[in-house]
Amino acid sequence: MKITAFLPYSGKEHTKKSVESLRKSKLISEIFLLSTYNNLAPIDGCQILQTNNFSSHETVKLINENTKTEFFFILTQDHLLDAGQFCFERFIYLAETTGAGMVYSDYFEIKENVSHAHPNIDCQLGSIRDDFSFGYLLFFRTEAVRKTVAQTNNDYQFAGFYNLRLITSQHYSIIHIPEYLYSTIEEDTRKSGEKLFDYVDPKNRQVQIEMEIAATEQLKAIGAYLKPEFKTISIDDDHFEDEASVIIPVKNRVKTIGDAIESVLKQKTNFNFNLIIVDNYSTDGTSEKIKSYSKKDSRVVVIIPERKDLGIGGCWNEAVHSVKCGRFAVQLDSDDMYADETTLQKVIDTFKKEKCAMIVGTYKMTNFNLEDIPPGIIDHKEWTPDNGRNNAIRINGLGAPRAFYTPLLREIKIPNVSYGEDYALGLMISREYQIGRIYEPIYLCRRWEGNSDAALDIAKQNANNLYKDRIRTLEILARQRKNRND
């Protein structure tokens with residue numbers, strides 16, 4: 001059994017080392033170098049294939065045309081590849097015995113000359129996001145690329161590999177080998193919090209548009225696509241003492257909670273509102289600081305839950321089910337602030353105008369001192385009225401601030417977790433209802449060393465991603481069932 005290898009090539013020395021490593025395996029039949037550069041020096045025994053964009057559908061077609069073996073693999077980044085002991089024997093064995101269309105493994109990443117284990121997570125139905133980490137070595141059954149080329153009508157410039165693995169998943173299983181089968185040098189040494197907003201960076205807009213097209217085609221193929229048809233709500237049906245409640249769950253944020261509270265209390269509105277702070281047993285002086293505000297302003301409502309097993313979502317449930325909660329529940333994280341005194345009025349005006357069940361705003365990234373930092377304004381323009389709820393399954397977040405029609409939250413309940421609870425709500429609500437948008441910055445998202453996602457280790461990143469993928473899986477299953485019933 002033989003394998004065809006495809007490596008990106010920009011003329012760097014490490015590609016020669018990768019080729020030398022591959023030649024040690026008797027399973028490698030041919031090695032092709034995929035290059036966007038002209039006139040590069042060839043490497044003995046390798047053929048250079050020219051492509052305009054490495055991640056394009058053009059590249060996928062080149063792979064299809066040049067693969068004569070039953071299996072092939074792609075190295076997706078121009079990094080060193082050092083295949084481990086019996087690496088390819090293991091890939092072939094698992095692909096043959098399971099019938100998988102794609103196989104990937106864990107790997108060792110070398111950062112600053114130190115090797116670190118990099119485990120990946122299992123790919124599931126909901127692993128539709130385009131930033132799912134398969135590692136850098138993707139092993140395919142050749143028949144999968146044949147099906148992809150036959151099935152694809154779009155000439156993707158950036159979403160070629162993404163589309164390849166989506167279509168592969170329609171016909172075959174995708175198998176994760178929880179073993180460290182190769183090593184590579186990791187050049188992106190940024191912390192997790194610095195990578196978090198790459199997908200909404202304006203310079204990546206064209207890439208995101210293509211990813212949305214591919215993801216939408218996938219949802220249509222698996223019966224999970226939703227047409228832009230929505231239920232409506234009657235927002236005047238229930239009586240509430242206050243029209244809106246700003247909700248802040250907090251635990252140990254003494255440095256930032258004061259700024260958050262003051263940004264709420266200075267709001268100018270033509271309706272009554274309050275601020276519900278759910279203090280989840282803070283121990284750093286946060287509780288005392290909150291009390292200093294509640295003593296001076298009756299609009300500040302403090303809830304200390306009876307339960308001690310609550311995450312952020314559980315704290316939201318405490319606030320939403322309180323008799324003090326207003327008709328609309330508006331989010332504010334304890335690290336963040338409203339942009340000015342008009343934020344709350346703009347949110348409620350949008351509810352009244354659009355009769356929607358949830359609203360997502362636009363925020364600006366700042367440092368602790370409120371100075372603008374890249375990528376600046378995050379407007380989530382990928383959330384469109386016609387396709388937003390489909391594209392929401394691909395992206396990793398929904399923007400801020402988020403606001404909800406309280407009776408609906410009381411009905412569906414909020415997951416008692418501290419990561420992804422807002423995303424889960426957005427998916428559930430958008431399955432039936434329109435989500436309104438505000439495209440001007442009304443919220444300041446402050447990044448500092450105390451943020452909960454500032455510097456996560458790989459185990460925590462994997463746990464977070466696995467949970468969101470599970471949310472997507474459950475949502476896709478629900479949408480498939482909805483479409484069958486409809």
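## Two cis peptide bonds

Proline 375 sits in strand E16, which spans residues 372–378. This is a predicted model, and in it the peptide bond leading from proline 374 into proline 375 is cis, with omega near 5 degrees.

Proline 401 belongs to a loop, the one running between helix H12 (388–391) and strand E17 (402–405). As background, most peptide bonds are trans, and most residues other than glycine have a negative phi.

## Positive phi in two loops

Which loop holds phenylalanine 86? Phenylalanine 86 lies between strand E5 (81–83) and helix H3 (87–98). Its phi is near 50 degrees, a positive value in a residue other than glycine. Because its relative accessible area is 55%, phenylalanine 86 counts as exposed.

Tyrosine 281 also has a positive phi without being glycine, with a value near 60 degrees. You will find tyrosine 281 in the loop that links strand E11 (273–279) and H9. Is tyrosine 281 partly exposed or buried? With a relative accessible area of 29%, tyrosine 281 is partly exposed.

Glutamate 89 is partly exposed, with a relative accessible area of 36%. From glutamate 89 to glycine 99 there are 10 residues in sequence and 15 Å in space, taken C-alpha to C-alpha.

## Helices H8 and H9

Two packed helices are described by the angle between their axes and the distance between the axes. For helix H8 (residues 257–265) and helix H9 (residues 286–296), the axes come within 10 Å and cross at roughly 20 degrees. That angle makes H8 roughly parallel to H9, and the crossing of H8 past H9 is right-handed.

Which residues meet in this pair? From H8 come Ile257, Gly258, Ile261, Glu262 and Leu265, and from H9 come Thr286, Lys289, Ile290 and Tyr293. Sorted by class, this contact holds 5 nonpolar, 2 polar and 2 charged residues.

## Helices H5 and H7

Helix H5 (residues 160–171) packs with helix H7 (residues 205–221) at an angle of about 5 degrees, the axes being 10 Å apart. H5 is therefore roughly parallel to H7. H5 brings Tyr162, Leu166, Ile167, Ser169 and Gln170 to the contact, while H7 brings Met211, Ala214, Ala215, Gln218 and Ala221. The residues of this contact divide into 7 nonpolar, 3 polar and no charged.

In soluble globular proteins, nonpolar side chains tend to be buried together. In this model the largest nonpolar core has 81 residues, and those with the most contacts inside it are Val246, Ile248, Val347 and Leu409. Apart from it lies another core, of 32 residues, including Ala5, Leu27, Ala100 and Tyr136.

What does valine 347 touch, setting aside residues up to four places away in sequence? The partners of valine 347 are Val330, Ile359, Ala403, Ile438 and Ile442.

Leucine 332 occupies the loop between strand E13 (328–331) and strand E14 (337–338). With a relative accessible area of 0%, leucine 332 is buried. Not counting residues up to four places away in sequence, leucine 332 touches Val246, Ile247, Ile248, Pro249, Ala260, Ser263, Val264, Met337, Tyr338 and Tyr443. Leucine 332 and proline 249 are 83 residues apart in sequence, yet 8.3 Å apart in space, C-alpha to C-alpha.

Arginine 479 is found in helix H15 (residues 458–485). Is arginine 479 buried or exposed? Its relative accessibility is 0%, so arginine 479 counts as buried. Beyond residues up to four places away in sequence, arginine 479 touches Gly223, Ala224, Leu226, Arg389, Asn390, Ile393, Leu427, Ser430 and Arg431.

Asparagine 66 is placed in helix H2 (residues 57–66). Asparagine 66 has a relative accessible area of 14% and is buried. Leaving aside its neighbours within four places in sequence, asparagine 66 is in contact with Thr4, Phe6, Glu30, Phe32 and Leu49.

Note on methods
Residues numbered from 1 in each chain as written. Predicted model: local features only at pLDDT ≥ 70, side-chain atom pairs only at ≥ 80, totals over all residues. Heavy atoms only, no water. Axes fitted to C-alpha atoms, helices over the stretch in contact; angles between N-to-C directions. Helix = DSSP H or I, 4+ residues; strand = E, 2+ residues; numbered from the N terminus. Parallel < 35°, antiparallel > 145°, perpendicular 65-115°, else oblique. Left-handed = near helix turned anticlockwise from the far one by under 90°. Contact = heavy atoms within 4.5 Å. Nonpolar A, V, L, I, M, F, W, Y, C, P; charged D, E, K, R; others polar. Core = buried A, V, L, I, M, F, W, Y, C linked by side-chain atoms within 4.5 Å. Buried < 20%, exposed > 50% of the residue type's maximum accessible area, 1.4 Å probe, protein only.
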